[in-house]
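Subject: Structure handover

Hello,

Here is the structure for you to look at. My notes follow below it.

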Amino acid sequence: FFLFFCQAVFMGEQGTISVFFSEYNNIPKKLRIIDLFLLWSFFTGVIQFVYVCLVGTFPFNSFLSGFISCVGTFVLFASLRLQLNPGNSFRVSEERAFADFIFCNFVFHLAVFNFMG
Amino acid sequence: SLELAMNLMGNVSRHFETFLRPELRPECCEARGQRAEGLGRFRRAERKTQAGGEGFGLGWFEERITMRALSSLAPLLLCATLLASVGAISLASASEEEFLAITVSGVELSVFEEHPGNELKLKSKEKIDKSPTVFDPAVHLHETSEIRLSLEVGGVGSGDLKPQQRLLTLTHAERPAKAARVVGDVKGHETKAGTLVVTFTVTVDSIEGQIGTLNGEYDAQVVVADSRFATQYEATFGRVVVSHTQNDDGSLPSDPPLDAAEIEYAPRPEFEHIMREDVKRPPAMVSMVFAGAVICPLGLLLLLVAASGANLKRLGSVFPQALVFHAALAAVLAVVVYYWVELPFLKTLPVLSGVGVGAALSGYFLLNKLIKLD
């Protein structure tokens with residue numbers, strides 16, 4: 001069963017990963033760039049978490065501030081991606097979605113810097 | 001006197017009520033029965049009035065309100081008049097009284113020692129010219145000695161005056177809650193008219209009777225005052241070393257135990273605060289490595305964005321607007337960082353509001369330009 005699973009996922013043109021990448025190239029470039037930003041915020045948060053696991057949580061509020069910054073940025077980028085996706089029927093224009101994204105980042109990172117200490 | 005006053009008020013009230021209600025007077029009726037009959041006629045007339053026979057409310061009001069109010073008002077008016085007259089008399093007498101401008105001189109502290117034959121002889125005499133006065137060496141008081149402080153109070157006039165407050169207070173230096181007080185004796189000066197001599201005699205027994213066998217150094221304060229004096233006399237001197245009578249085995253008597261007040265307000269035992277141990281910090285190199293590791297995804301992001309074919313073709317046509325917009329974003333970030341470093345929050349908000357409005361406007365114009373280019 002394990003071999004069958006690996007064959008189905010990794011091998012051949014009909015493998016899951018191949019289909020995923022071929023379909024992924026078909027989505028708009030704008031969304032792929034936003035996915036890069038999502039990956040960036042994700043890995044930044046992971047690196048911070050690994051550091052805390054290695055050396056401890058002191059100062060805890062600073063760790064929370066940095067980690068929440070990554071999480072919040074990830075959420076805001078995901079929201080922007082949802083609004084810019086042509087497949088979703090949102091009534092706001094792309095420019096309005098981007099302006100909302102910028103404003104939310106302003107407010108959010110003001111709180112992040114306030115909490116950092 | 002209070003009972004007498006209450007009886008007086010009751011009698012006045014009854015007589016005044018009798019004056020207001022003639023039907024209650026004994027002379028109105030020949031006998032008690034006729035008086036009762038008179039009262040009964042009054043009651044019947046009252047009931048008839050209440051039923052509306054001769055006008056409603058006048059008889060009822062006269063009985064329930066006016067009569068009783070007037071009868072109770074009279075003793076109150078009498079007491080108020082008496083109090084007002086007493087107050088006026090006291091004020092008048094007080095305004096006539098003048099305060100005495102006293103002068104104190106000849107303040108001396110004498111130490112007497114007991115010699116064989118129970119005879120007291122003067123050992124030393126010191127003058128107290130100023131306050132506070134510090135004796136060097138200190139004055140010693142023990143079971144065979146006696147301390148006398150005398151002072152002359154002039155300007156008291158020819159009347160027989162004894163200052164109301166004449167106290168010598170000895171306060172223990174280490175246990176201030178323990179204080180012994182000696183009242184001074186007063187007699188007229190032998191040669192000077194209008195002058196009193198106040199003498200304080202302090203012995204070990206007088207101190208022991210008040211605060212127990214508490215040895216050690218005492219601070220002394222003398223006060224001579226009266227409500228008729230314009231100013232009081234107060235002087236401080238010290239120290240007086242007191243040694244109580246030794247026990248039979250030659251040891252000094254023990255100090256009295258601490259009072260509840262001394263225990264409550266005594267200094268608490270010293271203790272060392274246990275501070276929280278500093279958290280173990282990682283090596284600086286580890287922190288720097290991870291700081292660099294956090295920046296790496298940003299660089300990787302920029303490379304991947306460029307490699308993914310980000311559209312920069314229209315950057316030239318909107319370059320000024322894009323530059324202004326991104327400069328405004330950088331200004332917002334700079335204000336936030338400055339707030340993090342130094343600026344107070346309430347000063348940050350107006351600055352951030354202004355810069356944010358600028359960023360919003362520049363972004364609006366940029367997006368507008370992009371839409372028009374589409």
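First, a definition: a residue is buried under 20% relative accessible area, exposed over 50%, and partly exposed in between, with a 1.4 Å probe and protein chains only. By that rule A:Arg81 is partly exposed, at 22%.

Some ground rules. This is a predicted model, in which local features need pLDDT of at least 70 and side-chain atom pairs count only at pLDDT 80 or more, while totals for chains, interfaces and linings use all residues. Residues are numbered from 1 along each chain as its sequence is written, chains are lettered from A and ligands numbered from 1 in the order in which they are written, and side-chain values use heavy atoms, with hydrogens and water left out.

Salt bridges

The count is ten salt bridges over all chains. The rule asks for a side-chain nitrogen of Lys or Arg within 4 Å of a carboxyl oxygen of Asp or Glu. Side chains of opposite charge can pair when their charged atoms come close.

In chain A, A:Asp35 bridges to A:Arg81, with the closest N and O atoms 2.5 Å apart. A:Asp35 sits in helix α3 of chain A and A:Arg81 in helix α4 of chain A, so the pair ties together parts 46 residues apart in sequence. Helices (H or I, at least four residues) and strands (E, at least two) are DSSP runs, numbered from the N terminus. A:Asp35 is buried, at 13% relative accessibility.

In chain B, the side chains of B:Arg148 and B:Glu146 meet at 2.7 Å, N to O. B:Glu146 is buried, at 13%. B:Arg148 is partly exposed, at 30%.

B:Glu217 also forms a salt bridge with B:Arg239, the closest N and O atoms being 2.7 Å apart. B:Glu217 lies in strand β9 of chain B and B:Arg239 in strand β10 of chain B, so this pair ties together parts 22 residues apart in sequence. B:Glu217 is partly exposed at 34%, and B:Arg239 is partly exposed at 34%. A network of salt bridges links B:Glu217, B:Asp219 and B:Arg239.

The sheet in chain B

Strands β9 and β10 of chain B belong to an open sheet of five strands. The order is β3-β10-β9-β5-β6, with mixed pairing. Two strands pair if DSSP finds at least two bridges between them. At the edges stand β3 (133-141) and β6 (179-183) of chain B, each with a single partner strand, so one side of each has no neighbour in the sheet. Neighbouring strands are turned by 30° against each other on average, direction ignored.

β9 (residues 216-225) and β10 (residues 233-242) of chain B run antiparallel and are joined by nine bridges. B:Gly216 stands opposite B:Val242 in β10(B).

Helix α4 (residues 204-211) of chain B packs on the sheet. This helix touches β3, β5 (165-172), β6, β9 and β10 of chain B, where contact means heavy atoms within 4.5 Å. Its direction makes about 125° with that of β6(B). Axes are lines fitted to C-alpha atoms, for helices over the stretch in contact, and angles run from 0 to 180 degrees between N-to-C directions.

The patch in chain A

A nonpolar surface patch of about 780 Å² includes A:Leu39, A:Phe42, A:Phe74 and A:Val75. Patch residues have over 30% relative accessible area and no salt bridge; like charges are joined within 9 Å, and nonpolar side chains (Val, Leu, Ile, Met, Phe, Trp, Tyr) within 5 Å. Areas come from the Shrake-Rupley method with a 1.4 Å probe; for residues, only the protein chains shown count as cover.

α3 (29-55) and α4 (60-84) of chain A each supply at least two patch residues. α3(A) gives the most, with six. A:Val75 is in α4 of chain A and is partly exposed, at 46%.

Best wishes
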